Number of protein chains: 2
Amino acid sequence: MTPAPLFVRFVASDDGPWSVVSNRTVTGPGLPDAAAVTVIEGRDSVPDATDAAWSLSGVVSNERYVTRAERAALEARQQPLGRADATAAALIPIRKSPRWWQLTQDERRDIFEERSHHVRIGVGALPAVARRLHHSRDLCEPFDFLTWFEFAPSQVEEFDEVLAVLRASEEWTYVEREVEIRLTRS
Amino acid sequence: MTPAPLFVRFVASDDGPWSVVSNRTVTGPGLPDAAAVTVIEGRDSVPDATDAAWSLSGVVSNERYVTRAERAALEARQQPLGRADATAAALIPIRKSPRWWQLTQDERRDIFEERSHHVRIGVGALPAVARRLHHSRDLCEPFDFLTWFEFAPSQVEEFDEVLAVLRASEEWTYVEREVEIRLTRS
């Protein structure tokens with residue numbers, strides 16, 4: 001949504017503001033275990049800790065599929081990151097297959113929304129779940145997208161249900177690598 | 001078109017395979033003059049020369065607007081880079097305004113093709129002009145796009161005409177920085 005891209009790093013190491021509760025490999029190769037994750041905004045900030053188990057980067061950039069009407073529906077309900085009661089988080093790195101990226105824009109849009117209802121399902125999870133999408137593909141990173149979610153611990157079942165619905169969609173047949181990291185504010 | 005993004009740098013310095021014929025600022029701040037440009041493919045290749053006048057990076061990545069029908073029309077006529085008789089080249093870095101990036105995907109598509117006919121005009125310039133688009137915005141670079149063109153010197157008037165038509169389009173009212181560098185193979 002922001003016009004100027006925001007570079008963000010997720011660094012896993014021994015300690016940090018978000019403690020890792022679980023590290024689950026959904027599809028493809030996983031990520032090494034670590035005790036905590038630190039979210040660092042900005043490209044010119046501190047280097048990765050030398051003890052980092054892994055470091056993933058992405059950019060909060062312009063949307064690729066959402067229409068004006070869909071953006072209006074999202075903006076009417078979505079909440080910012082950092083809410084006091086949103087002490088649970090999830091980081092879900094995803095890579096889609098070459099087959100997905102070889103599709104044209106109209107074909108990807110069809111699968112994303114007309115057939116998988118990605119936005120409609122997401123809007124249904126609002127305002128309970130705050131979300132920020134980071135694009136990684138053009139950075140030649142191991143994943144294409146890093147999505148960060150924040151919610152109150154009482155909302156975890158609703159969040160789980162949204163993930164299950166999306167993973168059963170046609171869009172997810174194009175996901176070739178997915179890791180799900182659950183966190184709690186330290 | 002390639003499924004795996006290809007990282008590319010354009011480095012301007014004292015010498016290189018492409019000699020600079022002209023360096024013209026079309027809109028906004030220009031780029032320093034240099035004698036030659038080197039095109040370096042791949043992220044892990046040699047560092048920039050210390051005498052580089054400037055270095056711009058981009059990624060050959062998935063298309064953002066083209067439909068299946070448009071891609072078919074492009075693929076039927078486009079030619080690869082590196083043709084023996086294509087000794088003239090142009091590098092055109094462009095940055096679009098925040099107003100463009102705040103538009104939604106459907107709005108940008110409308111302006112790009114339905115109202116500015118970007119693809120239709122581009123197809124008309126094929127097969128004379130070979131073209132490769134590099135996305136820079138997610139790399140937090142000074143430009144959003146770097147487009148590289150190659151053509152035979154005899155085609156220069158046709159190329160000039162295509163540029164003039166595109167620059168008169170509604171899409172170009174969103175261009176806030178543009179530089180045009182003409183080159184000839186050294």
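Q: Where in chain A is A:Pro98 placed?
A: In helix H2 (residues 98-101) of chain A. The model is predicted.

Q: Is A:Pro98 buried, exposed or in between, and why?
A: The relative accessible area of A:Pro98 is 42%. Buried needs under 20%, and exposed needs over 50%. The value falls in between, so A:Pro98 is called partly exposed.

Q: What makes A:Arg68 and B:Glu107 a salt bridge?
A: The closest N and O atoms are 2.8 Å apart. The cut-off is 4 Å, between a side-chain nitrogen of Lys or Arg and a carboxyl oxygen of Asp or Glu. The pair is within 4 Å, so A:Arg68 and B:Glu107 count as a salt bridge.

Q: Which elements does this pair, A:Arg68 and B:Glu107, come from?
A: A:Arg68 is in helix H1 (residues 68-77) of chain A, and B:Glu107 is in helix H3 (residues 105-115) of chain B. The pair crosses between chains.

Q: Why are A:Arg68 and B:Glu107 each put in their accessibility class?
A: A:Arg68 has a relative accessible area of 38%, and B:Glu107 has 21%.

Q: What does B:Arg109 form with B:Glu70?
A: A salt bridge, with the closest N and O atoms 2.8 Å apart. B:Arg109 lies in helix H3 of chain B and B:Glu70 in helix H1 (residues 68-77) of chain B, so this pair ties together parts 39 residues apart in sequence. B:Arg109 and B:Glu70 are both buried.

Q: How many salt bridges does the structure hold over all chains?
A: The total is 28. A:Arg24, A:Asp160, A:Arg167, A:Glu178, A:Glu180 and A:Arg182 are linked in a network of them.

Q: How do you know that the span of helix H5 (residues 156-167) of chain A agrees with expectation?
A: Twelve residues at 1.5 Å a residue should span 16 Å. The end C-alpha atoms are 16 Å apart, which agrees.

Q: Why are the buried residues of H5(A) said to line one face?
A: The buried residues are A:Phe159, A:Val162, A:Leu163 and A:Leu166. Down the axis of H5(A), they fall within an arc of 100 degrees, so they line one face of the helix. An α-helix has 3.6 residues a turn, so residues three or four places apart point the same way.

Q: What lies on either side of H5(A)?
A: The buried residues of H5(A) pack against strand S5 (88-96), helix H4 (118-124), strand S7 (145-151) and strand S8 (175-185) of chain A. The face turned away carries the exposed residues A:Glu157 and A:Glu161.

Q: What puts the buried residues of H1(A) on the same side?
A: A:Glu70, A:Arg71 and A:Leu74 are buried. They cover an arc of only 100 degrees around the axis, which puts them on the same side of H1(A). H3 and H4 of chain A are among what covers them. On the other side of H1(A), A:Ala69 and A:Ala76 are exposed.

Q: What makes up the interface of chain B and chain A?
A: In contact are 30 residues of chain B with 30 residues of chain A. The two chains bury about 2,600 Å² between them, with 45% of it on carbon and sulfur atoms. Four salt bridges are found across the interface. There are 22 residue pairs in polar contact. H1, helix H2 (98-101) and H3 of chain B each give two or more residues to the side that touches chain A. H3(B) gives the most, with four residues.

Q: Why does B:Gln105 count as buried?
A: Its relative accessibility is 7%. Buried means under 20%, so B:Gln105 qualifies. B:Gln105 is in helix H3 of chain B.

Terms used:
Residues are numbered from 1 along each chain as its sequence is written. Chains are lettered from A and ligands numbered from 1 in the order in which they are written. This is a predicted model: local features need pLDDT of at least 70, side-chain atom pairs count only at pLDDT 80 or more; totals for chains, interfaces and linings use all residues. Side-chain values use heavy atoms; hydrogens and water are left out. Buried means under 20% relative accessible area, exposed over 50%, partly exposed in between (1.4 Å probe, protein chains only). The expected span of a helix is 1.5 Å times one less than its number of residues. The arc is that of the directions from the helix axis to the C-beta atoms. Contact means heavy atoms within 4.5 Å. Buried area is the accessible area (1.4 Å probe) that two parts lose on being put together, summed over both. A polar contact is a pair of N or O atoms within 3.5 Å; within protein, one must be able to donate a hydrogen and the other to accept it, and residues adjacent in sequence count only if both atoms are side-chain atoms.
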